[in-house]
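User: I would like to go through this model step by step. Please keep the terms simple.

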Amino acid sequence: MHITGSATIAGVIGNPIHHSKSPTIHNYWIQDLGINGVYVPFHILPEDFSTVIRMLPKIGIKGFNITLPYKEAILPFIDTVSEEAKKIGAVNTVKINEEGKLFGYNTDGEGYIEHLRRSIPSISFKNAKVLLVGAGGATRAIAYALHQANVASIAITNRTLEKAQQLMQDIAPSIEVVPWEKRNDMLEGINLLINTSSLGMVGFPSLDLNIDALPSDAIVSDIVYKPRFTELLKKAEARGLKIAEGLGMLLYQAVPGFEMWFGVRPEVTSDLTKLVMALSHE
Ligand code: ATR
């Protein structure tokens, strides 16, 4: 890596930040593409957040990712918030222009859709009858992107009903909200099941869902990537269903930001996937 005085600088802001995979992803691309640039992790405490954000344009940084717990807190500092970030209520990618103005985007949903397209090229979004499990930030991004992709229908079930109802009101009134207790009764006819909750992640219980009623051409996807193959994905594979594993969303959400800052659209290669997968087992 050769960094000169004209290097392009980007980074990621969070608290904590040591676990972030973004520096690995972006610096892999920087090196792979021979770019004169660097992507840096910034651990920023809440009391310093506003000072740091105001300072970033003044040190010539081209933009940054924003992660927990600041994806909502950043909103008041953004000069132009994109349509999807407004709807989702969170920003994960910021571009700083020549005048020091901040442009905020949310690339999680777009990244997830791209991941699905690449993992399952035969997927038809227009015919997809989707059930989403969860109603957190990730669910909001995915629900928005699926709605934009004109899927046939979206239903959502979540332990806390009110959060699912709020999501429906914010994202699209056509979304059907299914009470948590009824989740097993509505799988018939669903051909895209996505776990967007924390269930199945290391340290959380697994998702208690009987997938026997899913049609034989259904796709099952999980955004949990630790472990790589969740109980849900194992059950789906045992039934011979197509699966899309969790790491893809993390990798593909990084693509638009990298392109904005460094001017080249990078590829999610199998080497990059292996590298990030190895990190998530550390
Ligand atoms: P993110 O921003 O990554 O989506 P989040 O906002 O913390 O994360 O959302 C976590 C999701 O996992 C929520 O849908 C949460 O359900 P609640 O809205 O009821 O909290 C869900 N979740 C986490 N632990 C759960 C559990 N033990 N049982 C059921 N759902 C759970």
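**Strands, surface and ligand**

Analyst: Val 202 lies in the loop between strand E10 (192-195) and strand E11 (219-222); strands are DSSP runs of at least two residues, numbered from the N terminus. This is a predicted model, in which local features need pLDDT of at least 70, side-chain atom pairs count only at pLDDT 80 or more, and totals for chains, interfaces and linings use all residues. Residues are numbered from 1 along each chain as its sequence is written, and side-chain values use heavy atoms, with hydrogens and water left out.

User: Does Val 202 count as buried or exposed?

Analyst: Buried means under 20% relative accessible area, exposed over 50%, and partly exposed in between (1.4 Å probe, protein chains only). Because its relative accessibility is 54%, Val 202 counts as exposed.

User: Which residue in E3 is the bridge partner of Ala 10?

Analyst: Strand E1 (residues 8-14) and E3 run parallel and are joined by four bridges. Two strands pair if DSSP finds at least two bridges between them. In E3, the partner of Ala 10 is Gly 63.

User: How much of the ligand's exposed area does the protein bury?

Analyst: A polar side-chain atom of Lys 163 lies 2.8 Å from an oxygen atom of the ligand. Taken alone, the ligand exposes 640 Å², an area from the Shrake-Rupley method with a 1.4 Å probe, where for residues only the protein chains shown count as cover. Of the ligand's 640 Å², the protein buries 69%.

Notes. Polar contact = N/O pair within 3.5 Å; in protein donor to acceptor, adjacent residues only side chain to side chain.
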